[in-house]
Amino acid sequence: MNKTKSTTASRETGPKYWRSLDQLEGAPEFSKWVDHEFPSGAEAVTDPVSRRNFVKLMSASFLLAGLGMSGCRRPEEKIIPFAKQPHDYVHGQAKHFASAMPTRTGAIPLLVKQDDGRPTKIEGNSEHPDSNGGTNAAAQASILNLYDPDRATRFAKDRISSTRTLALDEIAAIATAAAKNRGEGLHILSGHADSPTRDRVRANLLRKLPKAKWHEYEPIDHDVHRRAATKAFGLPVKPYYHLDKAERILTLDCDFIGSEEDSHVSVRQFAKGRKIDPQHPEMNRLYAVEALFTLTGAAADHRLRVPASAVHRVAAQIALKVLAGLGIASSKFPGVKDTLIAHGAAGGVDPKWIDVCADDLMSSKGRCVVMAGQGQSEATHLLALLMNVALGNINKTVTLRKVSENKSGSIGDLTKALNAETGKKTLVILGGNPVYDAPANLEFGEAIESEEVTTLRLGYYEDESTPKNGWNIPQAHYLESWGDALTSDGTAVPVQPLMAPLFDGMTEIELLARLAGEAVFSPYEQTRATFFARLGSRSEDAWKKFLHDGYDTAGAAAPMKTVKLISRVVNEVVRVANKEANVGPDLREVIFYADSKIDDGRYNNNGWLQEAPDPITKLTWDNAVLMSPTTANELGLKNMRGFKDGFHDKAFKEAGGTVADFHDGEHNLTEKGEFHQEVVTLKLGSRTISGPAWVVPGMADNVFACALGYGRDGGATVSGGTGRVGDGTGFNAYRLRTEESLKYGLDVKVERTDATIQLASTQEHGTIDGRSLIREANLDKFTDPDTGHGDFAKGMNMPHPEGIEDLPNGGIAYKNPLDELRKNATHSWGMVIDMNSCVGCNACVLACQSENNVPIVGKEQVVKGREMHWIRMDRYFSGDVHNPQMAHQIMVCQHCEAAPCENVCPVNATVHDDEGLNLMIYNRCVGTRYCSNNCPYKVRRFNYFDYNKRPLNDLYNSPLNPLNRKDGEWELKRWAKDRSKGNIAEDQWDLLKLAKNPSVTVRMRGVMEKCTYCIQRIEGAKIAQKVKAGDSADVKVPDGTIKTACQQACPAEAIEFGNIDDPKSKVTVLKAQARDYEVLGYLKTKPRTTYLGRVRNPNKDMPDYSMPETYKEWVGQGNHLQTHGHEGDHDHDHGHEDGHKHSDEGGHKATTGKGDHH
Amino acid sequence: MSEAAPNIKLEAPPIELERDRFVANNLGMGEISDQICDVIERPTPLWWKICMVPALLLLSMLGCMIIYLLTTGVGVWGNQHPVMWGWAIINFVWWIGIGHAGTLISAILFLLRQKWRTSINRAAEAMTIFAVMCAGIYPLIHVGRIWYGWWLFPIPNANGIWPQFRSPLMWDVFAVSTYFTVSVLFWYMGLIPDLAVMRDRCKKFFGKFAYGLFALGWSGSNRHWRNYEKAYLILAGLSTPLVLSVHSIVSLDFAVSNLPGWHTTIFPPYFVAGAVFSGFGMVLTLLIPLRTVCKLEEIITIRHIELCCKVTLTTGSIVGYAYFMEVFIAWYSGSSYESYAFWNRAFGPYWWGYWAMISCNVVIPQLFWFKFFRTNLKWVFVLSILVNVGMWFERFVIVVTTLAREFIPANWGYFKPSPIDILTYLGTFGLFFTMFLLFLRFLPMIAISEVKGVVPQADPHHPLGGAKPGGHH
């Protein structure tokens, strides 16, 4: 700590800004004060036994000292604070601070809400040039990690509690020793990051300690984009895709909506190209080549399923066509053609698919993108880059950003070094969990257990990698850290803390600075130094603006304008790629993929993410061995829930082939919420794992896929496992993964076992059965005025009984009292959900959970269907069971004007207000659950237990049970003492309650709850507007002021909310579109939430061109598109070329029998 | 009475013209009293003790289950999303249905002058009251926050909370509580003359005092009888519409909703028919063993059993017709949601429930067309139990299959009861049988005075009866 600096700081007048705990801790007056006030307090912070005292301590000393609560902008009030309220602090009023969540390859710019000194809600920073304020599910849920009671809370030596002072001594000792021998024997292992400050500190360190070795390892290889581009162009560059400018997109196993980094950017850009209205019916077209059925595949207009190992051969074929089609001379890419010919001979893929896809790309030269995914080898990436170069996309839809050169070693090198070298070695692990997730063949855990290795590990958890021989230093959460990062477009963003580190955690930057023996190791100063260096001056104003805005475009690297593809490299890499492997029943493939929820395992102890249903499988709390129906059939698996997954017998029969085989055995069980899945064993080389099988229609055959990050049992937390949430979930797929099979492995042997495991899926029935809940059309039909598909969404309404229009009041017997009230209401709230933009990414589900204090219920309760999510992401498969289409629909409270829930509640607990909100009054609810039964959308959720006040493994334990003790106390006694606390252990309770949104009631057991349109936000905006209006009558909230949590988080901008009585509001304009429809509108519930029908954009020349499968199913039920103004035109309304038999009988039945029976 | 033998000899009517008497073997008035009171007056029989033990055990289990439920949460049941009503509501409707026969027998059959009711009405009414008690527990404990259950009653309070009268659950509250109150009054009213008989026969002080207290000073005077008969008639008149209304209103819990399979206008009459059907089933189940163990074969005769069987056959057929109409209307409506709901009932994952319902409620009662089955006690006993099994499945089918799969396939689910559901249900049998056994032991299970009124001896025009000059009862 630089003393002169701190004294100057304390001499400053005016508001001061919080910097870091160390800065203050270093201040002598602070230490003296702590010692004086809490002589033993300092010790208690790191002592696990009295860990539960921590929050008390925090509130007593840190909070009052103005540290914990100071956030970033509150003036320091060091002694007695709120007797005299600090300037600009209004109790109970939330503040927002710009920050960023660092990711492996960049960052997500954020605006974080802070209530009384604790961050409570993550939102995207919409000011950021490359953001609309959308985020992804992980960012939304990351706030829960901050309050994870199982995170590392102590400085531990050899897994035994120690103190911070001793840890700092140890770091200093390592630094001194390293300085002496110029870093000999010092190894550093870190993850990827794109942080200028970390890069700078690291460069300093390596300059000072040239013999130290830096290694990087990430289980999910997002760095491949950079590596491939760097190889291809011979410069350290990273591609950046402008999907919003692309008319045609080809993804080669690139799940840019799901598992790729920066999905929030890709989704926004992609959705931009899907937003259509009749005046602007242009739309992008997405081709997806993939093995798993991903969200990208679900959004695709054409999807080709091939094993992951065959993707690069498909790429080679398309590239060959593109090169040939464009007439590019062979000399431009010497030798490439031959390589492609030799490489692309892949069987099993319809050549027409390749041809037409290539043609389509060529017709959009310079306006298309080819992307390869992180699950693909460099060869595929090079082919994608080759195509982008050939198609002239570089600097149009693909830009190349210069990045710092990275010459780190791999984890393999590190293990070799640790095992081979003699002499003492010091290993510093910065974050991550390599003992758990390193390639299994390295036996990394054994390598660091060696006597000669001293390990210093900065870890967010005390987990598998907590050294048995060395130190574990608690890592600060990013909401507790100073730092910076570059977003994928190269814009710098600050990582600004929202609170002081809860457990004295340290950041990577600080640890590195200390190791490098720098004079100033405070991450705050380091970050500032980087900023000022980039700026070229020490302008405090610029710094403040940087923090305030949350980004700084100045200094962002401009895209490389002139680059040249090095054909030689492409040739070399592609040639050696495994081209012979033909996946089939004799050569099966296993894919290791990043889980859609817990990523590589980093969110394993995050209950929100564990319980978020996977967008495809709808599984919670577990991973599974995914496989296609055919593959499962070949293995002879029965009683497979995923098999049927709601495909009716008819659909199976129509699909033909092997389907008949599914019918023997107990297939009915698959529909009964049983989900007892057969366990299969996967053997790859000498390693085996086993996990429950789950069938995903539409996956490539002979491919098995295992999500990484589960099966954590070797933790070292105080509770004995990896954490109270993540313990015992799923199986560990890392055990099968070696350096040779980091992304996928070939020749995996699969065997059935007798065992079964019960899984928890939130959706038991996966098909829509021809119901017009989701309405889809094809773009060519949608825009063709003759087909009547322009208003296909309304045309799929159930026909009214004849003559109902002539009846008074439209045949409705009673006047809705809301109609009268509405005349005098200031607003009429409504929502519209654009199914064309929604990609099913789950961000809204998590945002809602965070905003509305939605509890998690645990696997056992999910099995019972009692999950509490206010947003249900419905997923439907339709069409051929082997290669179906997928559609998502978010289902929230529809705020029906004639709400069926309201008239059945005996105690008036759910009523309507004049603005059209269907209100749920928790404290009036007695819990008859009649409202839920009568809700046609089933969007109400019931608190079957005190989910907020009881541990999830304790739900069935009556509080009367005298054996039921927490913290050594009988629950009934606890309850009598403090009725708010329930039976949650005190350390959990103290932390978890900090994560709650204070504006939203935490519901108790026996109470119904549901989406409120974020009423707290509506009321907040209304109050603010009234304050602003003063005496004037201008109390109408301007359009766009209120964003519901789901709307705010949605990167696709698929959700619009506002005043539907305002003719200019966005929501009204959208609702006026012909695509607008009500789900189950025939019930006359008059939902305020409506949907815009989905338009697919398939290519007419493609072999798999057809009408949307859901539409075909609907027609197959004898339904008939009601064309307005085209009466009698039914014959060609959905065209015979659809391949669907449209019988006259069906049409007849539809017009006569389809009465609205109400 | 009987020693004054008649000296006029009339020719007896041909035997084939005379129906079986309601009391067999020409029991005299005193014999009737003796037979019925004997059940109470003799030392506690072994069978009673044997039955009481499991009944009490089940009753205490019910208490434990309710305490566990209330302290822990509704989640201990198998309820789930989307089937938010499970066994609680099934059993509520089932018990309420059983509670129909008693008042029907005592009120409607009384108004219709069906004299055969007298032998069975007392026990049937008791059964009704206890069944309604069992039923009434469920709506109370099934709510999420029972401590606020009083909000369902219109009690003025400072919170300004007032019930919402558009909700069928509110109608339930009033329908069931009114039905229970009137049933208890009616039952008690009928008991008064018999309580006086018990008072007069009782030799122990405490018993005499207790019977006397409840007999309200009944002396059997002409004036008492006149008032009694009027009051009884009025209560019968009051009860009659209640018999029809209570299950109609319970059915509105379903019919008022908008779910396919619930939203049906046929529900009220169909529920009433089903309730009478199940009530008679339960009456038969109880009386067949009772008439043997209590040695009352002469008062509860085969003819009574046969008549009950005929009612069962009739109402069972009405229910069968309703099932058919439901399916027909679902098809005729043309609504795919409606037709799917009924297809799903028959062929969906709960097909077994539907077919159990159809066979027990529609097919099996058709055996009662044959006299053999109506008069063979073993058969009647088995069939009467099947009737109630079938009616339980009817409620299961209505509640569960509808909720499990309605409009949006993504939220379809599969309901399974938890052990607590099952044990609570068994516990209600404990309550029912405990109450019923106590009733058998302490109150005359057959209306003594009414039975006496239908024997030939009470008929002045009958050779065996009539007022004798200077005679006395």
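## Polar contacts and salt bridge between the chains

Between chain B and chain A, 38 residue pairs are in polar contact, both residues being at pLDDT 80 or more. A polar contact is a pair of N or O atoms within 3.5 Å; within protein, one must be able to donate a hydrogen and the other to accept it, and residues adjacent in sequence count only if both atoms are side-chain atoms. On the side of chain B that touches chain A, at least two residues come from each of helices H2 (46-72), H6 (168-201), H8 (222-255), H10 (302-333) and H11 (336-347) of chain B. H2(B) gives the most, with 6 residues. By residue class, this side of chain B divides into 39 nonpolar, 23 polar and 7 charged residues. Here Ala, Val, Leu, Ile, Met, Phe, Trp, Tyr, Cys and Pro count as nonpolar, Asp, Glu, Lys and Arg as charged, and the others, Gly among them, as polar.

The rule finds 1 salt bridge across the interface, a term for a side-chain nitrogen of Lys or Arg within 4 Å of a carboxyl oxygen of Asp or Glu. Lys938(A) forms a salt bridge with Glu406(B), and their closest N and O atoms are 2.4 Å apart.

## Basis of the model

This is a predicted model, in which local features need pLDDT of at least 70 and side-chain atom pairs count only at pLDDT 80 or more, while totals for chains, interfaces and linings use all residues. Residues are numbered from 1 along each chain as its sequence is written, chains are lettered from A in the order in which they are written, and side-chain values use heavy atoms, with hydrogens and water left out.

## Extent of the interface

The contact (heavy atoms within 4.5 Å) takes 73 residues from chain A and 69 residues from chain B. About 5,700 Å² is buried between the two chains, and carbon and sulfur atoms give 53% of this area. Buried area is the accessible area (1.4 Å probe) that two parts lose on being put together, summed over both.

## Chain A

Chain A contains 39 helices and 41 strands, which are DSSP runs (helices H or I, at least four residues; strands E, at least two) numbered from the N terminus. Of its 1158 residues, 65% are buried, meaning under 20% relative accessible area with a 1.4 Å probe, protein chains only.

## Thr424 of chain B

Thr424(B) lies in helix H15 (residues 419-442) of chain B. Thr424(B) counts as buried because its relative accessibility is 2%.

Methods
Buried < 20%, exposed > 50% of the residue type's maximum accessible area, 1.4 Å probe, protein only.
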